[in-house]
Structures are given as structure tokens and as C-alpha cells.
Amino acid sequence: RTAEGASLWAALAEKREVVASFIALALYAAFMGSIGFVITTTVYVFAQILILTPKERWISNIIPAAITAVIAGCLLFYIFRSTLNVLLPVGVFGLGL
């Protein structure tokens, strides 16, 4: 590797949360239409919570993160669909709660 390439990888490693968040957001946007809003939002929120949690606390935060993600996904779907009348993708599973 060149010194410039090594410094780029070192800079990206320091910004692990930022890089992982952008990747998670890109995957969220890419799969929302095919999988649906509720499932992709739930998975995205869960992943984002773990991304922003220090690694040593991941194990203790899995259950609270999963509960928060499910509540957020369903609540956001309800708010957008029922209150704001926004059509959201239901995906192949047809989860149009």
C-alpha cells in the first residue's frame, strides 16, 4: 500500500460509525421498495442503534434495541399511513398494517 492509501483506510477506520451509517442508509433505501417500509425501517433502526452503541455494550443492548426498532417501525408506519395519509411500500410480504 501507498502511504496515501494507508492513511485513507486509517481515516475510515476512525470514522467507523459514519461509514457504517452511510452503508446502512444506502441498504435501507435500496431494499425499502422490495421488502417494505415496516421491515426495512425495523432492521435499519436496529442496525443504527448497534452502530452507535460501543462494541462492549452490544450484547446487553440487543433486546432493548430490537424492542425499540419494532416499536419505531410500526409507529412510524402508523403515523405516516393513518395520520398523514402517505402511501408507503408494503413490499413482498404485504405488511400494510
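Analyst: We can begin with the word helix, which here stands for a DSSP run of H or I that is at least four residues long, with the helices numbered from the N terminus. Serine 21, for instance, has its place in helix α2. Please keep in mind throughout that this is a predicted model.

User: What elements does the protein have, and in which order do they run from the N terminus on?

Analyst: The protein has four helices and zero strands, and read from the N terminus on its elements run α-α-α-α. Of its 97 residues, 22% count as buried. Among the contacts with a separation of 6 or more, 60% are between residues 24 or more positions apart.

User: Is serine 21 buried or exposed, and how do you know?

Analyst: The relative accessible area of serine 21 is 17%, and because buried means under 20%, this residue is called buried. Leaving aside neighbours within four places in sequence, serine 21 is in contact with Gln48 and Ile51.

User: How do α2 and α3 pack, and what is the term for their relative direction?

Analyst: Helix α2, residues 16-35, packs with α3 at an angle of about 170°, and their axes lie 9 Å apart. Since angles over 145 degrees count as roughly antiparallel, α2 is therefore described as roughly antiparallel to α3. The residues of α2 in this contact include Ser21, Leu25 and Tyr28, while those of α3 include Tyr44, Gln48 and Ile51. By class, the contact of α2 with α3 has 12 nonpolar, four polar and two charged residues.

User: What makes glutamate 17 and arginine 16 a salt bridge?

Analyst: The side chains of glutamate 17 and arginine 16 meet with a nitrogen-to-oxygen distance of 3.5 Å, and the cut-off for a salt bridge is within 4 Å, so the pair qualifies. The count of salt bridges by this rule comes to one.

User: Are phenylalanine 37 and phenylalanine 77 buried or exposed?

Analyst: Phenylalanine 37 has 6% relative accessibility and phenylalanine 77 has 3%; because the limit for buried is under 20%, both count as buried.

User: What is the phi value of asparagine 85, and is this residue buried or exposed?

Analyst: Asparagine 85, found in the segment after α4, has a phi near 55°, a positive value in a residue other than glycine. Its relative accessibility is 63%, and since exposed means over 50%, asparagine 85 counts as exposed.

Definitions and conventions: Residues are numbered from 1 along each chain as its sequence is written. This is a predicted model: local features need pLDDT of at least 70, side-chain atom pairs count only at pLDDT 80 or more; totals for chains, interfaces and linings use all residues. Side-chain values use heavy atoms; hydrogens and water are left out. Buried means under 20% relative accessible area, exposed over 50%, partly exposed in between (1.4 Å probe, protein chains only). Axes are lines fitted to C-alpha atoms, for helices over the stretch in contact, and angles run from 0 to 180 degrees between N-to-C directions. Helices (H or I, at least four residues) and strands (E, at least two) are DSSP runs, numbered from the N terminus. Angles under 35 degrees count as roughly parallel, over 145 as roughly antiparallel, 65 to 115 as roughly perpendicular and the rest as oblique. Contact means heavy atoms within 4.5 Å. Ala, Val, Leu, Ile, Met, Phe, Trp, Tyr, Cys and Pro count as nonpolar, Asp, Glu, Lys and Arg as charged, and the others, Gly among them, as polar.
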